[in-house]
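Subject: Structure handover

Hello,

Here is the structure I promised to pass on.

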Amino acid sequence: ITGAFDTVISITGINNALPQSLTVSQDSIMLAASACVAAEGTVLLSNQGCSPLYIDSVALPENEISVSYDTTLLPIGNNDSLAVHILFSPSDGTMKSLPLKFFLHTLSRSFDTTIRLSVSNDIPVRPLALTPDTLILQTKYCQPVNASFSISNGCCQIMTIDSEEILGDDRHEFILNDFAPQLIEPQNTYTHVIEFVPGMSGSRTITVRLFAHTPTQTIDTILTVTGRNITAPEPFIATLSNHYAGETLRLPVMLYPTTDSFSIRSYAFHLQFNTDLLTTYGLDFTGTCSENVIASSFAVEPKSIESLGGVSIRVTLAKPIADTSNLALPLVYVLDSVKIARDTLTQVALDTFATDLEPTLQLCSIPSQPFQLLFACGDDLIWQLMHNDSLKFDLISVAPNPTITEQLWQVIYDVQGEGLLSLEVLNLYGEIIYRQDFLPNTSGRHTITIPAQAASGTYLIALESSFGQRMKKISVQR
């Protein structure tokens, strides 16, 4: 009330904001991928200033690197942070050091900061892998067998299999099934099949050469394939000696020596040959590797229209035959008597063979040997006589006989050999009243029909060739 005052108070404001308002949680990141699987890391961008912080752009070093963040959190407010996710998607196995640049600003200043990225990707040095790189195909008695192998793409790019080539297969026993150029995605596998179709026993090794490429390199690699065909016990016929008619052929059936193990107590086989020339009458085990024979049998199959003929043989042993037996000795001798026949040469073929361990055994090839008839004095004339008389035929029947109302006759006749045949109908005066040429003349029985005569009487039916004539009398009663 008694006076007035004028005074001044001094106020000092202090802001604890950092001189550098942008901070980064780390200035380097290591991203390690494996087998082309992407690797991810995170960095925090923090605003320590008073003004909002804006992200202008991110400079990516290459297309293997990408970044992502939540744009709804922009701008970054005071004392806030933004998580930036960094993704490394590798395209190769090269280790790299890459700069990742961020450009930002506030209302008062701009920022340019760099994060150093160290990236790596663990992949095989060779992008193509074979699983396995060696194959063994094992079979018995030439039966086809197959196996699969896989081609793996260990890199981060698509691989193209351009071609496959088989090397060293001189007998053409190996087959790559249905191959066509294939695209294999990164870290994927393609499975392929190879088949072994052996034509003979033993082992053989070939290589499959593969040509492929990726966008960055060409590939040339090989797969080793071993095919093994086991055929023990494998039979064959030893060389046959030629004989005169009336002699005996001791036909030796053998087993090939082998290093493959086997043991058999019984065996059966079939021989095919011309039984007009050779006829089996016994088995001989003297001097053979078939010891202590418990039972043996044979069945002769005569020559027919369908087959040359031959013999089936079955043997049971008390002591087994094995790979350690003396296979220089025959398995058995087949005893055949030799005759004079129109065919003086026959091929003796062992077309089936079975054992107690392999009841459905199929041989890789049919072993055979030729047998030739030798001519003694006089045999050649007998053979020429047989050979010249090359057509035998017989008129079996003509029906109906007597003929009353029927309009056709059925004629049945047999033929053996080769030659032209004709048929004639004659009356009792010897006059030909019907003739038919070029009758069916293959070996065997034949039936034909011809017109029956309309007039009553007795007629002769004649079947004839250049080798003779056969006749039947027939009565017609109208």
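Please keep in mind that this is a predicted model. I start with the cysteines.

C142 and C364 form a disulfide. Their sulfur atoms are 1.7 Å apart. This bond ties together distant parts of the chain, 222 residues apart. C142 sits in the loop between β10 (134-140) and β11. C364 sits in the loop between β26 (345-355) and β27 (368-374). The torsion about the S-S bond is about 105 degrees, so the C142 and C364 link is right-handed.

How covered are the two ends? C142 has a relative accessible area of 12%. The cut-off for buried is under 20%, so C142 counts as buried. C364 comes out at 26%. Exposed would need over 50%, so C364 is partly exposed.

By the distance rule, the count comes to 2 disulfides. The other one joins C36 to C156, with an S to S distance of 1.8 Å. Here the angle about the S-S bond is -90 degrees, and the link is left-handed. C36 lies in the loop between β2 (28-34) and β3 (39-47). C156 lies in the loop between β11 (145-153) and β12 (159-167). The two cysteines are 120 residues apart in sequence, so the pair ties together separate parts of the chain. Both C36 and C156 are buried.

What is the pairing if the bonded cysteines are numbered in sequence order? It is 1-3, 2-4.

Two further cysteines deserve a look. C155 is in no disulfide. Its nearest cysteine sulfur belongs to C156, 6.4 Å away. C155 is buried, with a relative accessible area of 8%. C50 is exposed, at 55%.

Now the sheet. It is open and has 4 strands, in the order β18-β20-β25-β22. The pairing is antiparallel. Which strands form the edges? They are β18 and β22 (278-284), and each pairs on one side only. Neighbouring strands are turned by 30 degrees against each other on average, direction ignored.

Strand β20 covers residues 248-255. How much of β20 is buried? The count is 6 of its 8 residues, so call it mostly covered.

β20 has a partner in β18 (residues 235-237). These two pair in the antiparallel sense over 3 bridges. In that pairing, F236 stands opposite M254 of β20.

β20 also pairs with β25 (residues 332-338). This pair runs antiparallel too, and 6 bridges join the two strands. L251 has V334 of β25 as its bridge partner. V253 stands opposite V332, also in β25.

As a reminder for viewing the sheet, side chains in a regular strand alternate between the two faces.

- the link of C142 and C364, which is right-handed;
- the link of C36 and C156, which is left-handed;
- strand β20, which pairs with β18 and with β25.

Best wishes

Note on methods. Residues are numbered from 1 along each chain as its sequence is written. This is a predicted model: local features need pLDDT of at least 70, side-chain atom pairs count only at pLDDT 80 or more; totals for chains, interfaces and linings use all residues. Side-chain values use heavy atoms; hydrogens and water are left out. A disulfide is a pair of cysteine sulfur atoms within 2.5 Å. Buried means under 20% relative accessible area, exposed over 50%, partly exposed in between (1.4 Å probe, protein chains only). Two strands pair if DSSP finds at least two bridges between them. Axes are lines fitted to C-alpha atoms, for helices over the stretch in contact, and angles run from 0 to 180 degrees between N-to-C directions.
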